[in-house]
Amino acid sequence: MITDRYSLRENNEQHVLATLIENTSISRAQISKLTGLNKATVSDIANKLIEKQFIHEIGSGESTTSGGRKPILLQLNKQAGLTLNIDLGYDYVSYLVTYLNGEVVKKETRSIQVDKVNCIDLIQTIYREQCKEASEVPYGIISLSVAIHGIVSDNRIVFTPYYDLDEIDLYNALSQKIEIPIYIENEANLSALAEKTFSTTVANLVSISVHSGVGAGIIVNNELYHGRDGRSGEIGHTILYPHGKNCPCGNQGCLEQYSSQKAILSSFQELKKNDQLTLEDLITSYTSDDDIATQLIKDFATYLSIGINNVIASYGPEKVYVHSTLVNEIPELLSFITQNIVSSFSSSIPVEISLLAENAILLGGAALNIQQFFHLSSLYLGTSPTAAESN
Ligand SMILES: [Zn+2]
């Protein structure tokens, strides 16, 4: 296993590597054309990258029209390292291992109540197991990402409303036990990074996650926008109704008190006078034309469209992605939502269901790990045999 970390200090090297990564296979001459660097420089850099096992030669491309010899193509050596990505939900732990192009190697999910006492052991156990399996890989596991369902700022967990992880210094606790770089990040931010890396080349996007709460990951000019202390994207706490329902954040009438999946489910349970009903029951009732379920789903779409309208008016994204079990299960919900987005600011902006689905958070972690490993400020891997296809 190669243990010394390669640092790409020179911009030219980053430029060549980024071009190589964005193109499935490419010749030295094509890199030279795309980067504007001369052929000798590109060759030098390519040789260094081959030596480091970051890229490899994969045979010949098409010969030139003038009948010149076929150029040798270069490709990212996806198997030079692995990324390990953990999603700490309130009642589950998932992990995903990928190659350096984001291709999924392995994914597992386990149901468990996660808390400040068990989370470190959970992560360490997954890490040790995966290290054993990666012993033959040149760079092994390059780094670890941990997704948190709460506010995170510079690897520090600031606020977690649904579990107690904000009471510990997870980053330092893990750093004492795990010897590779660790990145702790908010789940909605990671979903946005996943879209940026695997779904689209647009430079500005918002990815909205609707689960227990409503959060947004915001990409501005190709990079995640965190705001002060990681507090950007808390759109669930924008106010929908003045003097409305109380919210744990201290406001009244917050969007997520009306349009989170948790909120719609509790309204359903209340109206049906049965607190055992699940989200699946709500979906089943909706598909069998139950009046209460139909009205609730329509209200949910209306509220969510107001939130989306406000986000578009605030950030001017080129695209909006929606991550929500309800929207995935009831695809016509998307048209209910878009019908309500009518303003001249927002109506032309595409709102799409995320194709990365339940892998989005973990793939965002993979994107972060790969970006950091290669020292790239942004990354597009959509042309690779992507993770989206592995769902
Ligand atoms: Zn609130």
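Leaving out residues up to four places away in sequence, Thr325 touches Gln261 and Leu279. Touching, or contact, means that the C-beta atoms of two residues, placed from the backbone, lie within 7 Å. Thr325 is found in helix α11, residues 325-329. Helices here are DSSP runs of H or I with at least four residues, strands are E runs of at least two, and both are numbered from the N terminus. Val210 is 115 residues from Thr325 in sequence, yet their C-alpha atoms are 7.9 Å apart in space. Is Thr325 buried, exposed or partly exposed? Thr325 is partly exposed, because 15 other C-beta atoms lie within 10 Å. The cut-offs are these: buried means 20 or more other C-beta atoms within 10 Å of the residue's own, exposed means 12 or fewer, and partly exposed is in between.

A word on the source. This is a predicted model, in which local features need pLDDT of at least 70, side-chain atom pairs count only at pLDDT 80 or more, and totals for chains, interfaces and linings use all residues. Residues are numbered from 1 along each chain as its sequence is written.

Now step back to the whole chain. The protein chain has 13 helices and 15 strands. Its C-alpha atoms fill a box of roughly 75 × 50 × 40 Å along the principal axes. Of the 391 residues, 41% count as buried. Take the contacts between residues at least 6 apart in sequence: 62% of them join residues at least 24 apart.

The chain is divided into domain 1 (11-76), domain 2 (81-194 + 359-383) and domain 3 (200-354). These bounds come from an automatic or database domain assignment. The C-alpha centres of domain 1 and domain 2 lie 31 Å apart. Their contact takes 9 residues from domain 1 and 10 residues from domain 2. On the domain 1 side, helix α1 (residues 11-22) gives the most, with 5 residues.

Next, the interior. In soluble globular proteins, nonpolar side chains tend to be buried together. The largest nonpolar core here has 102 residues. Such a core is a set of buried Ala, Val, Leu, Ile, Met, Phe, Trp, Tyr and Cys residues joined through C-beta atoms within 7 Å. Helix α10 (residues 291-315) supplies the largest share of this core, 10 residues. Which residues have the most contacts inside the core? They are Leu20, Ile86, Leu88, Val146 and Ile208. Beyond its neighbours within four places in sequence, Ile86 is in contact with residues including Val93, Tyr95 and Val146.

Now look at a sheet. Three strands form an open sheet in the order β1-β3-β2, with antiparallel pairing. β1 (26-27) and β2 (55-60) stand at the edges with a single partner strand each, so one side of each has no neighbour in the sheet. Strands pair if DSSP finds at least two bridges between them. β2 and β3 (residues 72-76) pair over 4 bridges.

Finally, two loop residues. Asn222 lies between β12 (214-220) and β13 (223-224). Its phi is near 75°, a positive value in a residue other than glycine. Ala357 lies between β15 (351-353) and α13 (360-373). The phi of Ala357 is near 45°, also positive.
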